Amino acid sequence: MTQARPRQTGHPRSRLLQLAAPPGGMVADDSLPCLAERLGRLFGLGDTMNLDAALAFRGGQPATAQSAVIEQLSRELATTRQALIRRIYGYGVETEQEDPAAFEPYLNAWLTLQRKIAAATRQLRDKVRKAMKDQGQNLARLAELDSVFDHTMAGYTSQCFSHISKVLEQRFQALRTSSEQSPEPGTQPGDWLHRYCEEAQTLLLAELDVRLEPVLGLLEACHNEVSDSP
């Protein structure tokens, strides 16, 4: 029986941008330069040469893609994602501190989870690329291309994700201040902290989906290659 591959709905990047935007702020995608211009800012001469080499790559086995290998990778992706989601929903539960209004313990716990997500998704992406190199020349070439893009954009990606912790600190302080200065009727003293933890979890879930997008794209290409094979 064929294992259904994981599917994502919506646009993870747009969702993460909306969650990280200031309250009431708008995310204007049309204000961004075109894709070619943005890539031109990130790719230097050496990166362009690596990209050309990847496009001309002729390695890989001449055999066709193997469905069993791809299905196993899809199952592993689903298992990894569910394990990370369980960890995310545990954020804030085990945070121990003497001062509930101190942000640092919650930041440290959040950064630990963010590093786990980054490491797990990176390992999975590497594993899929490695498997693709033995699944025919087309998938081997795609794996080379993805490796170039991954390496070139690693610094930029890390910088973008590091901004989320600053957004969290702003939300933490805003919720705490609002609770102290103008508490809503019927709310408990710790309700603001519970709300903060929920928002932090939502941001982690959105980041997880964004980090898994390249893996999903690679697996989608693998499934398409299997479907197109005679």
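This passage looks at helices H4, H5 and H6 of a predicted model and at how they pack.

Helix H6 takes in residues 137-181, a run of 45 residues. At 1.5 Å a residue it should span 66 Å, and its end C-alpha atoms sit 63 Å apart, which agrees. Still, H6 has a kink of about 55 degrees, centred on Ala-154.

Next comes the packing. Two packed helices are described by the angle between their axes and the distance between the axes. For helix H4 (residues 67-89) and helix H5 (residues 104-132), the axes come within 11 Å and cross at roughly 180 degrees. That angle is over 145 degrees, so H4 counts as roughly antiparallel to H5. On the H4 side the contact draws on Val-69, Leu-73, Glu-76, Leu-77, Thr-80, Leu-84, Arg-87 and Ile-88, while H5 brings in Leu-113, Lys-116, Ile-117, Ala-120, Leu-124, Lys-127, Val-128 and Ala-131.

Among the H5 residues making the contact are Tyr-106, Leu-107, Trp-110, Leu-111 and Gln-114, along with Arg-125, Asp-126 and Arg-129. H6 answers with residues including Leu-139, Ala-140, Asp-146, Asp-150, Phe-161, Ile-164, Leu-168 and Phe-172. The tally for H5 with H6 is 13 nonpolar, three polar and five charged residues.

As for aromatic rings, the count comes to eight pairs. One of them joins Tyr-106 and Phe-172, whose ring centres are 6.1 Å apart with planes at 40 degrees, so the pair is tilted. Tyr-106 belongs to H5 and Phe-172 to H6, so this pair ties together parts that are 66 residues apart in sequence.

Conventions
Residues numbered from 1 in each chain as written. Predicted model: local features only at pLDDT ≥ 70, side-chain atom pairs only at ≥ 80, totals over all residues. Heavy atoms only, no water. Helix = DSSP H or I, 4+ residues; strand = E, 2+ residues; numbered from the N terminus. Expected span 1.5 Å × (residues − 1). Bend = angle between axes of the 7 residues up to and from the residue. Axes fitted to C-alpha atoms, helices over the stretch in contact; angles between N-to-C directions. Parallel < 35°, antiparallel > 145°, perpendicular 65-115°, else oblique. Contact = heavy atoms within 4.5 Å. Phe/Tyr/Trp six-rings, centres within 6.5 Å; stacked < 30°, edge-to-face > 60°. Nonpolar A, V, L, I, M, F, W, Y, C, P; charged D, E, K, R; others polar.
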